[in-house]
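I opened my notebook and the structure side by side. These entries record what I looked up, in the order I looked.

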Amino acid sequence: MKYPTLMATSLVIVGIALSSCQSGGNAVRDYEVRQIDDSGVRLPFHTVHGHRWNSGNDGTHYEPCTALSAKELETLGINPGSASDAAGTDGQTLRGCDWDYAGDIELEHWTVSQIVGNSSGLVSDKNRHAGSHDLWLEDQFINGRTIGVHAMISGSQCDTNVQSGNAIVTTLVMYSGLKDQPLSALCERAITFTRATIDRMPE
């Protein structure tokens with residue numbers, strides 16, 4: 001009699017399928033998670049976030065993680081192999097990448113992040129980030145586009161902000177170390193990275 005064996009096998013398969021679907025609740029199974037941008041270019045890391053692209057960051061097709069090649073990143077002094085997902089959890093509004101600068105010495109660390117989040121415009125973002133710890137510097141203009149330059153009063157980070165479609169692309173440079181860095185040094189790196197990528201950002 002082969003029927004009991006076939007039936008048992010079928011039940012095992014069904015059980016595995018149900019377990020796979022139920023174990024993650026509403027999570028997308030790993031093999032179904034999107035790994036390419038809107039142009040078909042593969043991300044420089046394997047993401048497990050099934051909702052990395054979501055209604056909070058779909059205002060532009062721009063994908064920070066694939067905007068520059070490894071060679072272009074190296075030209076900017078960035079380690080391409082350090083690319084990681086900027087989102088720490090699934091479904092976060094921000095979508096983008098974190099990188100380390102090459103050549104860090106002990107106890108001194110430079111990082112750059114570029115992220116996308118939907119926004120009604122730069123003016124709105126300036127109003128939203130206008131607390132006592134925020135400092136908006138003079139706007140920059142690159143290739144006819146307005147770049148908002150923002151820093152924290154603490155001086156540990158500087159970021160640029162540019163409109164792309166219905167989203168804002170933010171480039172954030174941070175430094176941690178024993179000696180303070182002038183704010184101009186952080187902002188210069190953020191502006192340089194923005195200049196290298198701005199033509200890839202749809203208006």
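Entry 1: I am working from a predicted model, where local features need pLDDT of at least 70, side-chain atom pairs count only at pLDDT 80 or more, and totals for chains, interfaces and linings use all residues. Residues are numbered from 1 along each chain as its sequence is written, and side-chain values use heavy atoms, with hydrogens and water left out.

Strand S2 covers residues 95-101 and pairs with S3 in the antiparallel sense over 6 bridges. For pairing, DSSP must find at least two bridges between two strands. Helices (H or I, at least four residues) and strands (E, at least two) are DSSP runs, numbered from the N terminus. S2 and S3 make a hairpin, with 6 residues between them. In that turn I noted Gly103, which has a positive phi of about 80°.

Next I looked at strand S8, residues 167-177. S8 runs antiparallel to S3, and 11 bridges join them. Here Ser113 stands opposite Leu172.

Why is S3 largely enclosed by the rest of the structure? I checked its residues, 108-118, and 8 of the 11 are buried, so the strand is largely enclosed. Buried means under 20% relative accessible area, exposed over 50%, and partly exposed in between (1.4 Å probe, protein chains only).

**Entry 2: the largest pocket.** I then turned to empty space. Rolling a probe the size of a water molecule over the atoms shows where such space is left. A pocket, on a 1 Å grid over the protein atoms alone, is an open set of points where a 1.4 Å probe fits, with protein on both sides within 12 Å along at least five of seven lines; lining residues have an atom within 4 Å of a point.

The largest pocket holds about 360 Å³ of space. I counted 19 lining residues, and Ile115, Asp125, His129, Asn161 and Thr170 lie nearest the centre. S3, helix H3 (122-128), strand S7 (157-164) and S8 each give two or more residues to this lining. Which element gives the most? It is S3, with 5 residues.

**Entry 3: Ser164.** I found Ser164 in strand S7. Is Ser164 buried or exposed? Its relative accessibility is 0%, so it counts as buried. The side chains of Ser164 and Thr60 are joined by a polar contact of 2.7 Å. A polar contact is a pair of N or O atoms within 3.5 Å; within protein, one must be able to donate a hydrogen and the other to accept it, and residues adjacent in sequence count only if both atoms are side-chain atoms.

I also listed contacts (heavy atoms within 4.5 Å). Leaving aside neighbours within four places in sequence, Ser164 is in contact with residues including Tyr62, Arg145, Val169 and Met201.

**Entry 4: two loop residues.** Thr66 lies in the loop between helix H1 (3-23) and helix H2 (70-75). Thr66 is buried, with a relative accessible area of 18%. Not counting residues up to four places away in sequence, Thr66 touches Asp37, Val41, Arg42, Leu43 and Pro44.

Asn143 sits in the loop between strand S5 (140-142) and strand S6 (145-152). Asn143 is not a glycine, yet has a positive phi of about 50°. At 52% relative accessibility, Asn143 counts as exposed.

**Entry 5: the whole chain.** Last, I noted that the chain has 4 helices and 8 strands. Of its 203 residues, 38% count as buried.

Key: Grid points are joined across faces, edges and corners, and a volume is the space filled by probe spheres set on the points.
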